[in-house]
Amino acid sequence: MKEDKENTRPREKKVEIKCDEIEKAEKPNKEKKEAMTKIVIRRLPPSLTKEDLVEQLQPLPELDYLEFFSSDTSLFPHLFARAYLNFKNQDDIVLFRDRFDGYVFIDNRGQEYPAIVEFAPFQKIAKKRSKKKDAKSGTIEDGEIYLKKQHLSWTSLRINR
């Protein structure tokens, strides 16, 4: 049987590429992978406050970030607080984890909450929010367009009466 030239597969060409050429062609990977230093403490008691947590975690190693999130009542029955900590020294993380992973926190009603310490999935640290007040906040009543619309609405109310 003769094969149709239209339906046959073209012959594959074998090409050899040396490893040196591949390494040159690829962009160099960034070797600057930062060490993971931010951890999260989960399953904290819902009634716990930031001050109580800091008091119970004493003595704390050197930190540059501590953020506490109280429990969210919309997630009932999974009402837990959590805290994010960023350590300046990576060696302190292991000591902290050994000390507080599985540590039992007791709330004001006597219920026990074993904590979970793990690396935070998002390692970046939130920027501090600016406390400067917006200069245009509360000035809508002074705006020209607002005053015109306000005047028009008042005149239309007078006409309709």
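Which side chain makes a polar contact with the side chain of Thr-37? That partner is Asn-86, at 2.6 Å (a polar contact is a pair of N or O atoms within 3.5 Å; within protein, one must be able to donate a hydrogen and the other to accept it, and residues adjacent in sequence count only if both atoms are side-chain atoms). Please keep in mind that this is a predicted model, where local features need pLDDT of at least 70 and side-chain atom pairs count only at pLDDT 80 or more, while totals for chains, interfaces and linings use all residues. Residues are numbered from 1 along each chain as its sequence is written, and side-chain values use heavy atoms, with hydrogens and water left out.

**Around Thr-37**

- Thr-37 sits in the loop that runs between α1 (19–25) and β1 (38–44); helices (H or I, at least four residues) and strands (E, at least two) are DSSP runs, numbered from the N terminus.
- With a relative accessible area of 18%, Thr-37 is buried (buried means under 20% relative accessible area, exposed over 50%, and partly exposed in between, using a 1.4 Å probe and protein chains only).
- Setting aside neighbours within four places in sequence, Thr-37 is in contact with Leu-85, Asn-86, Phe-87, Ile-93 and Gln-123 (contact means heavy atoms within 4.5 Å).

**The nonpolar core**

- The largest nonpolar core has 18 residues, and those that touch the most other members are Ile-39, Ile-41, Leu-44, Leu-53, Leu-57, Leu-85 and Phe-96 (such a core is a set of buried Ala, Val, Leu, Ile, Met, Phe, Trp, Tyr and Cys residues joined through side-chain atoms within 4.5 Å).
- Two or more residues of this core come from each of β1, β2, β3 and α3, and β3 gives the most, with 4 residues.
- Ile-41 is in contact with Leu-57, Ala-81, Arg-82, Ala-83, Leu-85, Phe-96, Ala-115, Ile-116 and Val-117, leaving aside its neighbours within four places in sequence.

**Salt bridges**

- The whole structure holds 4 salt bridges (each being a side-chain nitrogen of Lys or Arg within 4 Å of a carboxyl oxygen of Asp or Glu).
- One of them joins the side chains of Glu-118 and Arg-42, at 2.4 Å from N to O. Glu-118 lies in strand β6 (residues 116–119) and Arg-42 in strand β1, so this pair ties together parts that are 76 residues apart in sequence.
- Another salt bridge links Lys-88 with Glu-62, whose closest N and O atoms are 3.5 Å apart. Since Lys-88 is in the loop between β3 (81–87) and α3 (91–100) and Glu-62 in the loop between α2 (50–56) and β2 (63–69), the pair ties together parts that are 26 residues apart in sequence.
- Glu-62 counts as exposed, at 54% relative accessibility.
- Lys-148 and Glu-144 also meet through their side chains in a salt bridge, at 3.7 Å from N to O. Both residues lie in helix α4, 4 residues apart, which is about one turn of the helix, and both are exposed.

**A surface patch**

- Ile-140, Tyr-146 and Leu-147 form a nonpolar patch on the surface, with about 280 Å² of accessible area together. Accessible areas come from the Shrake-Rupley method with a 1.4 Å probe, and for residues only the protein chains shown count as cover.
- Patches are made of residues with over 30% relative accessible area and no salt bridge; like charges are joined within 9 Å, and nonpolar side chains (Val, Leu, Ile, Met, Phe, Trp, Tyr) within 5 Å.
- Leu-147 belongs to helix α4 (residues 144–160) and is partly exposed, with a relative accessible area of 44%.

**Backbone points to check in your viewer**

- Gln-58 and Pro-59 are joined by a cis peptide bond, with omega about -10°; Pro-59 is in the loop between α2 and β2.
- A cis peptide bond also joins Phe-76 and Pro-77, with omega about 10°, and Pro-77 lies in the loop between β2 and β3.
- Arg-43 is not a glycine, yet has a positive phi of about 65°. Arg-43 is in strand β1 and counts as partly exposed, at 37% relative accessibility.

- Glu-67 is found in strand β2 and, at 30% relative accessibility, counts as partly exposed.
- Between Glu-67 and Arg-82 there are 8.6 Å in space, C-alpha to C-alpha, and the two are 15 residues apart in sequence.
- Not counting residues up to four places away in sequence, Glu-67 touches Arg-82, Ala-83 and Tyr-84.
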